Amino acid sequence: SCLVMVTQWEEDHQGGNSDGAAFVEELIHTLLTFHPEKTSTLKPTYIGSSGKRQELDIKLGSIGYLAVKPNQKSAAPALYKLVDITNRQSNSSEELVVVIDDRFDPVAAKNTQQVFRGIASNVISFSKIASVKTATMH
């Protein structure tokens, strides 16, 4: 029965980025724990300059957040989303924050941050969010 469960999980997540999905869940949990007073929307959508709906991971208050792992599989689609969203005039006042997972490969995370700097309103490392959360909870 364990093999059946593993096989089912693999089928459900075929081609998916399970590591990236886990990071998204962790970011959402951290943000909601740290800011319980703010209105949140999971998977908020923005219309991009292409006319397509682009989905971020969470909107907390007026800020949209996008979780990014420091690898091509995660960063490339995130970059496309942000460029599409920010190139639409009606989105010019939107505040969009990219959160990079810097816990396992700080060098790759720093390089990935540099790519997003000119596009997102803010680019921060996950360890900064997590350390603030930890400091306020003790």
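Visitor: In what order do the strands of the open sheet stand?
Guide: This is a predicted model, where local features need pLDDT of at least 70 and side-chain atom pairs count only at pLDDT 80 or more, while totals for chains, interfaces and linings use all residues. Residues are numbered from 1 along each chain as its sequence is written, and side-chain values use heavy atoms, leaving out hydrogens and water. Strands (E, at least two residues) and helices (H or I, at least four) are DSSP runs numbered from the N terminus, and two strands pair if DSSP finds at least two bridges between them. The open sheet has 5 strands with mixed pairing, in the order E1-E4-E5-E6-E7.

Visitor: Which strands stand at the edges of the sheet?
Guide: Look for strands with a single partner strand, because one side of each is then left without a neighbour in the sheet. That describes strands E1 (40–42) and E7 (122–125).

Visitor: By what angle are neighbouring strands of this sheet turned against each other on average?
Guide: Angles run from 0 to 180 degrees between N-to-C directions, with axes fitted to C-alpha atoms, for helices over the stretch in contact. For this average over neighbouring strands, direction is ignored, and the value is 25°.

Visitor: How many bridges join strand E5 to strand E6?
Guide: Find E5 at residues 63–68 and E6 at residues 95–100; the two run parallel. Val68 stands opposite Ile100 in E6. The number of bridges joining E5 to E6 is 6.

Visitor: Which helix lies across E5, E6 and E7?
Guide: Helix H3 (residues 72–86) packs on the sheet, touching E5 and E6, and its direction makes about 155° with that of E5. The helix that lies across E5, E6 and E7 covers residues 106–116 and runs at about 165° to E6: H4.

Visitor: How far apart are the C-alpha atoms of Pro70 and Ile100?
Guide: Pro70 is found in the loop between E5 and H3. Contact means heavy atoms within 4.5 Å; leaving aside neighbours within four places in sequence, Pro70 is in contact with residues including Ile100, Asp101 and Thr112. Pro70 and Ile100 are 30 residues apart along the chain, and their C-alpha atoms are separated by 6.6 Å.

Visitor: How many residues apart in sequence are the parts that the aromatic pair ties together?
Guide: Rings of Phe, Tyr and Trp (its six-membered ring) pair if their centres lie within 6.5 Å, with planes under 30 degrees apart counted as stacked, over 60 as edge-to-face and the rest as tilted. The structure holds 1 such pair: Phe23 and Phe126 are edge-to-face, 5.3 Å centre to centre with 80° between the planes.
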